[in-house]
Amino acid sequence: MAIRSLQRSKLWSKSKWLVPSIRLVLIVFSLSFFVDSTSDRSNMVRLTLSSKAKDRGAFCLDGSLPGYHFHKGSGSGSKSWLLFLEGGGWCRTIESCSSRAMTSLGSSNYFKDEVAFLGVLSSDPSQNPDFFNWNRVNIRYCDGASFAGHPEAEVKNETRLFFRGQLIWEAIMDELLSMGMSRAKQAILTGCSAGGLATLIHCDYFRDRLPKDASVKCVSDGGFFLNVPDVLGNPTMESFYHDVVTLQGVDKSLDQNCIAKTEPSKCMFPQEFLKNIRTPVFLVNAAYDNWQIRHVLVPNSADPDKRWAMCKLNIQDCDASQMKVLHGFRSSLMDAIGGFHQSKDGGMFINSCNSHCQTSITESWHSPTSTRIENKTIAESVGDWYFNRKPLKLIDCPYPCNTSC
């Protein structure tokens, strides 16, 4: 009994200290969580569902209202506006669009109430030196066709999906114009990936809705998708865009000069219509764009043996033959932007990194560790170009020469 009593005493003694210890750990964890979450509060911007969307019939894929996050400008930036179009790929079939409609890329029911404004959207002048105090808007992407779908295409839709990307774009534009953007002195339309493509598609529309004396330009990040065959010689991306255009009636939003000359889906590729854009454009693109490598150049269908699996994850794991293919992809990009390089008003920052979407991330937009070309960050390059401090068309040397990637 004495032994058993002693054991109980030891166990009680341990438990007596265990409970306070657990409480202390929980308190420390809670405090650290509180500190971490509050330290980022200045970056967080609340969601607004569009007040004009319902009357315009502008709905996300599932029929919910589209939305945006708005951070009001101040001081010298109070009459300057920067609109950022989110990316997130496209959907080409009823099945894929139906699946998408159950995510934040197809329904505002899944939008976060708050998102962080970083990179080109940041209000921190050390991270965003030229645009930190502008009116900044992050427009959420929920249509699956680069804000370019049309309701007329819904007659083929037995599952009641809404293809209304163009109406979403127009409704939110009207809303922002009524909030003061109609008096803008300076404005930029930008976006990444599918949003970078949307930026190019809607660039002139954006320019035409703003005052004639305003300085209006467009910055496309990771939106210069190439019409090149995959490693097996199949037209994977061209076929994909054909299905998107056909399903969602995107042709009505594309450059009509291009449409008159070629198959409409080819006019989803910037190399086909960029020369027709009247508004000054700046291209930000990685020459070894990791999204395009995985989905355009080496989609899963073109790599059944998974020989490219490691290379697609990390360019440093590519063998010599694979690097030769990737250098060829870079050459295709150089050829595609050849005409744009002659543009007097255009600008570009084409680095040799293995990345995608670089303006919305602090580390790649403007930080001590950012990628540089001629010792300039992307933010500095875009700023110099926008404010006409100097013309900029920066093209990196081939991988792996740039150690800042």
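**Starting from a buried aspartate**

Asp-384 has a relative accessibility of 9%, so this residue counts as buried (the word covers anything under 20% relative accessible area, while exposed means over 50% and partly exposed is what falls in between, using a 1.4 Å probe and protein chains only). Before we go on, keep in mind that this is a predicted model, where local features need pLDDT of at least 70 and side-chain atom pairs need 80 or more, while totals for chains, interfaces and linings use all residues. Residues are numbered from 1 along each chain as its sequence is written, and side-chain values use heavy atoms, with hydrogens and water left out.

Back to Asp-384, which lies in helix α13 (helices are DSSP runs of H or I with at least four residues, strands are runs of E with at least two, and both are numbered from the N terminus). What does its side chain make a polar contact with? The partner is the side chain of Lys-376, at 2.6 Å (such a contact is a pair of N or O atoms within 3.5 Å; within protein, one must be able to donate a hydrogen and the other to accept it, and sequence-adjacent residues count only if both atoms are in side chains). If you skip the neighbours within four places in sequence, Asp-384 is in contact with Lys-376, Arg-389, Lys-390 and Leu-392 (contact means heavy atoms within 4.5 Å).

Now look at Gly-383, also found in helix α13, which spans residues 378-386. Its relative accessible area is 0%, so Gly-383 is buried. Leaving out residues up to four places away, Gly-383 touches Asp-130, Phe-131 and Arg-389.

Next, the rings. The structure holds 18 aromatic pairs (rings of Phe, Tyr and Trp, taking the six-membered ring of Trp, with centres within 6.5 Å; planes under 30 degrees apart are stacked, over 60 edge-to-face, and the rest tilted). Trp-90 and Trp-291 make an edge-to-face pair, with centres 5.8 Å apart and 80° between the planes. Trp-90 sits in the loop between β3 (80-85) and α3 (94-100) and Trp-291 in helix α9 (residues 290-297), so their pairing ties together parts that are 201 residues apart in sequence. Both Trp-90 and Trp-291 are buried. They also belong to one aromatic cluster, along with Phe-225, Phe-240, Tyr-241 and Phe-269.

Most residues other than glycine have a negative phi, and most peptide bonds are trans. Ser-146 is not a glycine, but has a positive phi of about 55°. You'll find Ser-146 in the loop between β5 (135-139) and α4 (165-178), and its relative accessibility is 0%, so Ser-146 counts as buried. Glu-374, again not a glycine, has a positive phi of about 50°. Is Glu-374 buried or exposed? Glu-374 is exposed, because its relative accessible area is 67%, and its place is in the loop between α12 (362-365) and α13. As for the peptide bonds, the one joining Tyr-399 and Pro-400 is cis, with omega about 10°. Pro-400 lies in the segment after β10 (393-395).
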